[in-house]
Amino acid sequence: MMRTNIPEKLSNIVKEIDDRGSASLTKLIVLKKWFERTKRLSAFAIWIATRAVSRQGKISGAAAKLFREVRGMLAGLDKLRPQLDQQMAQTMHDRLRDFQNEYRNQRWGAVRIIHNWNLMLLEHRLDIYLCHLDSPTYGYKLAADYCQHYDARYGNGLIGPSRTKIQELVRFLFTIEALEDVPR
């Protein structure tokens with residue numbers, strides 16, 4: 001397996017953030033090509049979920065319990081070919097969805113009320129793992145959700161704090177590409 005140039009393209013986004021203060025979120029679209037290779041999206045979805053549970057912040061009660069359960073479910077998975085029990089993953093996905101399943105009608109339609117962003121992102125990551133592993137677009141969207149930040153000067157996009165997450169993403173891509181070269 002030949003290594004791709006996608007990590008270098010992501011490193012160029014970091015350089016653009018350093019030089020200009022921001023970069024367009026759509027620059028992450030280069031990841032769609034990387035996700036076309038079988039199994040990469042499942043590895044990415046689980047990697048992102050693992051990152052989310054490690055950054056849960058200060059929480060307690062039912063939300064903390066959900067984080068602990070997801071952390072336990074993700075522990076020890078193969079980095080290249082993570083295999084979750086489908087029924088367990090579906091049950092956890094449903095519990096995460098039900099935990100924040102409150103909607104309010106607004107002028108433009110019903111809006112889901114999210115009290116814990118990381119739990120909602122975990123729900124979406126499990127959704128990708130369960131239903132959308134053949135769609136590189138979902139991988140791009142997941143990467144964008146992971147890397148973007150809001151700043152009133154730039155809006156939503158890739159700004160200062162995004163650079164660390166993009167660098168983590170580059171290391172992940174290099175790791176997966178290296179593991180793909182190792183005979184199993």
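Two strands pair if DSSP finds at least two bridges between them. Helices (H or I, at least four residues) and strands (E, at least two) are DSSP runs, numbered from the N terminus. The structure is a predicted model, in which local features need pLDDT of at least 70, side-chain atom pairs count only at pLDDT 80 or more, and totals for chains, interfaces and linings use all residues. Residues are numbered from 1 along each chain as its sequence is written, and side-chain values use heavy atoms, with hydrogens and water left out.

**Exercise 1. The E2-E3 pairing**

Task: State how strands E2 and E3 run and how many bridges join them, and identify the residue in E3 that stands opposite Tyr-103.

Solution. 
1. Strand E2 covers residues 102-106 and strand E3 covers residues 109-113.
2. The two strands run antiparallel, and five bridges join them.
3. Across the pair, Tyr-103 faces Arg-112 in E3, and Asn-105 has Ala-110 in E3 opposite.
4. As a general rule, side chains in a regular strand alternate between the two faces of the sheet.

**Exercise 2. The chain as a whole**

Task: Determine how many helices and strands the chain has, and compare its radius of gyration with the globule rule.

Solution. 
1. The chain contains eight helices and five strands.
2. In sequence order, these follow the pattern α-β-α-α-α-α-β-β-α-α-β-β-α.
3. The radius of gyration is 17 Å, close to the 16 Å that the globule rule gives for 184 residues, so the chain is as compact as a globular protein of that length. Here the radius is taken over C-alpha atoms, and the rule is 2.2 Å times the number of residues to the power 0.38.
4. The C-alpha trace spans about 45 × 45 × 30 Å along its principal axes.

**Exercise 3. Burial, contacts and charge**

Task: Find what percentage of the 184 residues count as buried, and describe the contacts, surface and charged side chains of the chain.

Solution. 
1. Buried means under 20% relative accessible area, exposed over 50%, and partly exposed in between (1.4 Å probe, protein chains only). By this criterion, 44% of the 184 residues are buried.
2. A contact means heavy atoms within 4.5 Å. Among contacts between residues at least 6 apart in sequence, 67% join residues at least 24 apart.
3. The chain exposes about 10200 Å², of which carbon and sulfur atoms supply 52%. Accessible areas come from the Shrake-Rupley method with a 1.4 Å probe; for residues, only the protein chains shown count as cover.
4. There are 30 positive and 20 negative side chains, and the centres of the two sets lie 3 Å apart. Lys and Arg count as positive and Asp and Glu as negative, while His and the chain ends are not counted. Each charge is placed at NZ of Lys, CZ of Arg, CG of Asp or CD of Glu.

**Exercise 4. Ala-89**

Task: Locate Ala-89 and list the residues that it touches.

Solution. 
1. Ala-89 belongs to helix H5, residues 86-99.
2. Its relative accessibility is 0%, so Ala-89 counts as buried.
3. Leaving aside residues up to four places away in sequence, Ala-89 touches Met-73, Leu-84, Leu-126 and Leu-130.
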